[in-house]
Amino acid sequence: MLRMRTLPAGFIAPCLPTKTDELPSGSDWLHEIKHDGFRIIARKDGERVRLYSRPGNDLTNRFPLIVEALARLRPRSCIIDGEAVTQQTQRGGGVADGKAFRSRAAAISK
């Protein structure tokens with residue numbers, strides 16, 4: 001018997017990035033760079049913030065710094081579809097560091 005997984009209440013599937021050699025143009029298009037991180041759907045409803053992975057796993061406890069930052073946003077509610085990454089702290093920073101991000105210690109430390 002095949003058992004269907006129940007997604008959490010309020011879960012919205014993320015937009016999936018598409019690799020291309022040529023970007024579409026025009027004012028109706030937005031683009032983002034694919035970094036080596038986690039695709040996350042962040043949902044804020046009042047003071048409650050929840051983070052979900054692409055398949056709907058709850059990542060809220062794994063990324064407390066993201067939760068704290070979203071809790072401080074002015075809107076009472078919002079849904080943000082994006083990618084969580086860690087920046088390199090050596091050599092001037094500003095570059096996504098996938099190895100550090102995937103380290104559980106880096107993801108949960110403050």
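Residues are numbered from 1 along each chain as its sequence is written, and side-chain values use heavy atoms, with hydrogens and water left out. Because the model is predicted, local features need pLDDT of at least 70 and side-chain atom pairs count only at pLDDT 80 or more, whereas totals for chains, interfaces and linings use all residues.

Three strands form an open sheet in the order 2-1-3, and the pairing is antiparallel, where helices (H or I, at least four residues) and strands (E, at least two) are DSSP runs numbered from the N terminus, and two strands pair if DSSP finds at least two bridges between them. Strand 2 and strand 3 (77–84) stand at the edges with a single partner strand each, so one side of each has no neighbour in the sheet. From one strand to the next the twist averages 20 degrees, with axes taken as lines fitted to C-alpha atoms, for helices over the stretch in contact, and angles running from 0 to 180 degrees between N-to-C directions. Strand 1 and strand 3 are paired in the antiparallel sense over eight bridges, and Ala42 stands opposite Ile80 in strand 3.

Helix 1 lies across strand 1, strand 2 and strand 3 and runs at about 135 degrees to strand 2, contact meaning heavy atoms within 4.5 Å. Within helix 1 (residues 64–71), Pro64, Val67 and Leu70 are buried, that is, under 20% relative accessible area, with exposed meaning over 50% and partly exposed in between (1.4 Å probe, protein chains only). These residues cover an arc of only 130 degrees around the axis, which puts them on the same side of helix 1; the arc is that of the directions from the helix axis to the C-beta atoms.

The largest nonpolar core has ten residues, among them Phe38, Leu51, Phe63, Val67 and Ala84, such a core being a set of buried Ala, Val, Leu, Ile, Met, Phe, Trp, Tyr and Cys residues joined through side-chain atoms within 4.5 Å. Strand 1 (38–45), strand 2 (48–52) and helix 1 each supply at least two residues of this core, and the largest share, three residues, comes from strand 1.

Two salt bridges are counted, each defined by a side-chain nitrogen of Lys or Arg within 4 Å of a carboxyl oxygen of Asp or Glu. The side chains of Arg39 and Asp81 form one of them (3.0 Å, N to O); because Arg39 lies in strand 1 and Asp81 in strand 3, the pair ties together parts that are 42 residues apart in sequence. Arg39 is buried at 13% relative accessible area, whereas Asp81 is partly exposed at 25%. A salt bridge also joins the side chains of Arg50 and Asp58 (2.1 Å, N to O).
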